[in-house]
Amino acid sequence: MAHHVTLGGRDVRYFDVGEGRPLVLLHAFPLSADMWRPQLEAPPPGWRLIAPDLRGFGGTTRDVASPGGRVDAPATAIDEYAGDVLQLLDALEIDRAAIGGLSMGGYVAFGLARRAPERIEALVLADTRSEADSDEARANRMAMLDTIRRGGSRAVAETMLPKLLGATTQATRPGMTKEVRRLIEANGPAGLADAVRCMMDRPDSTPLLATLACPALVVAGREDVVTPVALHEQMCARMRRATLVVIDRAGHLSNLEQPQAFGEALAGFLAAL
Ligand code: MLT
């Protein structure tokens, strides 16, 4: 199911399943495209799902091949991840696609909307926010950089797991905690640190919302403490063609925690396009 392609000297891993109109799924921090497994296992009829690992995550390298060997090529701005996604679409000869992103994936989807709105057929924005980081959030990012430096992805998992999964999942599904931990710990520290710096300096995408002409599905886990439901209501109110779906018994990783409800919302939205 996983495919590999070399783009700009970088090895890129992506999943590509189903047939029909393309929907690109962009993963959250600090995970990888593996977090979309429930959706990849059951692509909605008539849709092709493409889920890349962002630069420095999962099986996508952060460094690039050069004549002298491999050299560092960190992402330095959130929109560079969006540029990487556009490069993948070009390689797959896809002109226009629906773009879905969860949390950091949503920030990258906004980057795509900034760089190439004409290539976006529809947006799925899950458990994310349009605002830039507050001063408090930036201070937390500095602490996270320190966590990464000291303890790598294992320490990141320790810090983030209690926030990523909703209270219901944490109380009833220990296997899910284990699985998410495994996905986080599979990432190297350099790619994680790049993403933290990029998220910390990302622009405010709120002014973009009113300019979006495409239909949008906004999804929020009711128990999401990282990007609470109210933020999604505000995003929806600012968009012209957005529909909000709130998923019960799900936290920040709504697609993983409640794949059936998430899948139904997604399939319903896509079927109406
Ligand atoms: C994510 O899930 O991608 C992160 O929580 C986003 C963030 O830290 O802003």
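Here is a short tour of a predicted model, stop by stop. Residues are numbered from 1 along each chain as its sequence is written, and side-chain values use heavy atoms, leaving out hydrogens and water. Local features need pLDDT of at least 70 and side-chain atom pairs count only at pLDDT 80 or more, while totals for chains, interfaces and linings use all residues.

**Stop 1: Val218.** Select Val218, in strand E9 (residues 216–221); strands (E, at least two residues) and helices (H or I, at least four) are DSSP runs numbered from the N terminus. Val218 has 0% relative accessibility, so it counts as buried (under 20% relative accessible area; exposed is over 50%, partly exposed in between, with a 1.4 Å probe and protein chains only). Now show its contacts (heavy atoms within 4.5 Å): not counting residues up to four places away in sequence, they include Leu125, His232, Met235 and Cys236.

**Stop 2: helix H9.** Next, colour residues 229–238, where the buried residues are Val229, Leu231, His232, Met235 and Cys236. Look down the axis of H9: these residues fall within an arc of 155 degrees, so they line one face of the helix (the arc is that of the directions from the helix axis to the C-beta atoms). Their packing partners include helix H3 (104–115), strand E8 (120–126) and E9.

**Stop 3: two positive phi angles.** Go to Glu93, in the loop between helix H2 (78–91) and strand E7 (97–102). Glu93 is not a glycine, yet its phi is positive, about 55 degrees. Glu93 is exposed, at 75% relative accessibility. Then pick Ser103, between E7 and H3, with a positive phi near 55 degrees. Ser103 is buried, at 7% relative accessibility.
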